[in-house]
Amino acid sequence: MFVITVLLSIFFLFQPHKVDQKILQDMPLLHIENFIMYELDPFGLKTLMLGSEAFRYKDRYTVDNINHTDHSQVHISNLRADYGIYKDNTLDLTGDVTLVRDDGLSYKTQKASFYKDKGVFVTDTNYTLSQGNNVIHGTYLDHNNFTGKIHSKNINAKYYINEDK
């Protein structure tokens, strides 16, 4: 009787632990240091993306210290940031985001998105836009590189107009 009681006590007190198995569905497919990606079309170099380290996933690239040059737009532009995610022809950038175009237009902000197919640069945080001596500060920016239209909120601008003599 004692043996049965001990066995029953052991059975009820020491049951096996349930172990949850986690299936990692978002594993990087590729890890690249000193990342360089060229995008070519029949006319030559379309875009160049560099980074200190990158991970390729099934649906995106994540890039540290991203440096992206785009030759496919009206103006050649260079985007730099501490971190970027490239997915579906969209660059989501964070940390010291800087865009410089060949016509001297530049943006500085902490977070932005660049929609390559639409040619649109959007930030919903504080930004500084400058071109020459002209400087604009604001809290939201939507700039279409194809049309040249800019939509912004809460702007403070210092803009110099040259008068013809």
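The model is predicted, so local features need pLDDT of at least 70 and side-chain atom pairs count only at pLDDT 80 or more, while totals for chains, interfaces and linings use all residues. Residues are numbered from 1 along each chain as its sequence is written, and side-chain values use heavy atoms, with hydrogens and water left out.

The chain holds one helix and 12 strands. Helices (H or I, at least four residues) and strands (E, at least two) are DSSP runs, numbered from the N terminus. In sequence order the pattern is α-β-β-β-β-β-β-β-β-β-β-β-β. Of the 165 residues, 32% count as buried; buried means under 20% relative accessible area, exposed over 50%, and partly exposed in between, with a 1.4 Å probe and protein chains only. A contact means heavy atoms within 4.5 Å. Among contacts in the chain with a separation of 6 or more, 29% come from residues 24 or more positions apart.

Two strands pair if DSSP finds at least two bridges between them. Strand β5 (residues 90–101) and strand β6 (residues 106–115) run antiparallel and are joined by nine bridges. Strand β8 (residues 127–131) is antiparallel to β6 and joined to it by four bridges, with S106 opposite S130.

Which aromatic rings pair up in this structure? A search of the whole structure finds two aromatic pairs. The rings of Phe, Tyr and Trp (its six-membered ring) pair if their centres lie within 6.5 Å; planes under 30 degrees apart count as stacked, over 60 as edge-to-face and the rest as tilted. F35 and Y61 form a tilted pair, because their ring centres are 5.7 Å apart and their planes stand at 40°. This pair links distant parts of the chain, with F35 in strand β1 (residues 30–41) and Y61 in strand β3 (residues 61–70), 26 residues apart. F35 is buried at 3% relative accessibility. Y107 and F121 form a stacked pair, 4.6 Å centre to centre with 10° between the planes. Y107 lies in strand β6 and F121 in strand β7, so the pair ties together parts that are 14 residues apart in sequence. Y107 is buried, with a relative accessible area of 2%, and F121 is buried at 0%.

Two charged side chains also lie over rings. A charge sits over a ring if NZ of Lys or CZ of Arg is within 6 Å of the ring centre and within 35 degrees of the ring normal. The charged end of R60 sits over the ring of Y57, 4.0 Å from its centre, and K118 lies over the face of Y115 at 5.8 Å from the ring centre.

A nonpolar core is a set of buried Ala, Val, Leu, Ile, Met, Phe, Trp, Tyr and Cys residues joined through side-chain atoms within 4.5 Å. The largest one has 21 residues, and L91 and F121 have the most contacts inside it. The elements giving two or more residues to this core are β2 (44–56), β3, β4, β5, β6 and β8, and β5 gives the most, with four residues. Beyond four places in sequence, L91 touches residues including M49, I66, L79, I85, A112 and F114.

Two further residues complete the tour. T62 in strand β3 is buried at 7% relative accessibility. Leaving aside neighbours within four places, T62 is in contact with E53, A54, F55, Y57, Y83, G84 and I85.

R80, in strand β4 (residues 77–87), is partly exposed at 45% relative accessibility. R80 and I66 are 14 residues apart in sequence and 5.5 Å apart in space, C-alpha to C-alpha. Apart from residues up to four places away, R80 touches I66, N67, D96, V97 and T98.
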